[in-house]
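I opened my notebook for this one and listed what I wanted to look up. Here is the structure I worked from.

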Amino acid sequence: MGLVTIVGETQARVGNRFYFIGPIPECKECKLRNVCFNMEIGGLYEIVGLRDTMHDCALRESKVRVVEVEKKPFRAAIPKKQAMGSSVVFESRKCDNIGCENWQFCCPSNARNGDRFSIADDLSDIKCPIGEQLRLVKLE
């Protein structure tokens with residue numbers, strides 16, 4: 001069984017994925033906050049099961065639904081030398097080329113500098129227009 005959390009009724013579909021961005025101040029007094037915010041900030045989650053339980057939410061016009069989720073690895077670009085290990089301390093690339101096809105892997109929104117991740121899979125070399133030696137990996 002996966003981790004139990006709450007998502008909006010319209011997002012509650014098996015297979016849907018989302019990044020958990022963290023708690024929000026408006027939910028500080030909500031009785032369900034511990035269920036909504038029990039995930040790892042920046043983690044990529046996939047809905048793997050639906051429960052029948054629904055709740056009202058002060059932030060949404062529609063109901064929220066209890067779901068089961070699993071944390072999933074996400075793709076990122078890391079220096080080739082670091083891809084030889086089993087874990088990495090993430091450092092985003094210093095790249096202003098947001099038009100690059102790989103930019104989202106070099107600067108993923110869910111990883112902060114200094115975060116430690118395990119390398120779940122080593123996928124391929126990345127062609128970098130500014131000459132960096134990078135590998136595309138899955139991190140968890």
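Below are my entries, from the whole chain down to single residues.

**Ground rules.** I'm working with a predicted model, where local features need pLDDT of at least 70, side-chain atom pairs count only at pLDDT 80 or more, and totals for chains, interfaces and linings use all residues. I number residues from 1 along each chain as its sequence is written, and side-chain values use heavy atoms, with hydrogens and water left out.

**The whole chain.** How many helices and strands does the chain have? I looked it up and got two helices and eight strands. Here helices (H or I, at least four residues) and strands (E, at least two) are DSSP runs, numbered from the N terminus. I wrote down their pattern along the sequence as β-β-α-β-β-β-β-α-β-β. The C-alpha trace spans about 50 × 30 × 25 Å along its principal axes.

Next I checked burial, and 36% of the 140 residues count as buried. The cut-offs go like this: buried means under 20% relative accessible area, exposed means over 50%, and partly exposed is in between (1.4 Å probe, protein chains only). I noted an accessible surface of about 8,800 Å², with 49% of it belonging to carbon and sulfur atoms. Those areas come from the Shrake-Rupley method with a 1.4 Å probe; for residues, only the protein chains shown count as cover.

I also looked at contacts, meaning heavy atoms within 4.5 Å. Among contacts between residues at least 6 apart in sequence, 63% join residues at least 24 apart.

Then came the charges. The chain has 21 positive and 19 negative ones, and their mean positions are 2 Å apart. Lys and Arg count as positive and Asp and Glu as negative, while His and the chain ends are not counted. Each charge is placed at NZ of Lys, CZ of Arg, CG of Asp or CD of Glu.

Two strands pair if DSSP finds at least two bridges between them.

I zoomed in on β3 (residues 44-55) and β4 (residues 64-72), which pair in the antiparallel sense over eight bridges. There I found E46 with E70 in β4 as its bridge partner.

**Another sheet: β5 to β8.** This open sheet of four strands has the order β5-β8-β7-β6, again with antiparallel pairing. Its edge strands are β5 (74-79) and β6 (87-89), each pairing on one side only. Here the twist averages 55° from one strand to the next.

I went through the pairs in turn. β5 and β8 pair over six bridges, and R75 has K138 in β8 as its bridge partner. Six bridges also join β7 (residues 116-126) to β8 (residues 134-139). I spotted D125 opposite R135 in β8, and I119 opposite L139 in β8. β6 and β7 pair over three bridges, with V88 opposite F117 in β7.

Is β8 mostly covered or mostly open? I found it mostly covered, with five of its six residues buried.

A reminder to myself: in a regular strand the side chains alternate between the two faces of the sheet.

**Two arginines.** Where does R13 lie? I found R13 in the loop between β1 (3-8) and β2 (17-19). R13 counts as partly exposed because its relative accessibility is 45%. Not counting residues up to four places away in sequence, R13 touches I47 and L50. I also compared its place with K127: they are 114 residues apart in sequence and 35 Å apart in space, C-alpha to C-alpha.

My last stop was R93, in the loop between β6 and α2 (103-106). Is R93 buried or exposed? R93 is buried, because its relative accessible area is 17%. Leaving aside neighbours within four places in sequence, R93 is in contact with A77, P79, C106, C107, E132 and L134. R93 and Y19 are 74 residues apart in sequence and 20 Å apart in space, C-alpha to C-alpha.

Key. Axes fitted to C-alpha atoms, helices over the stretch in contact; angles between N-to-C directions.
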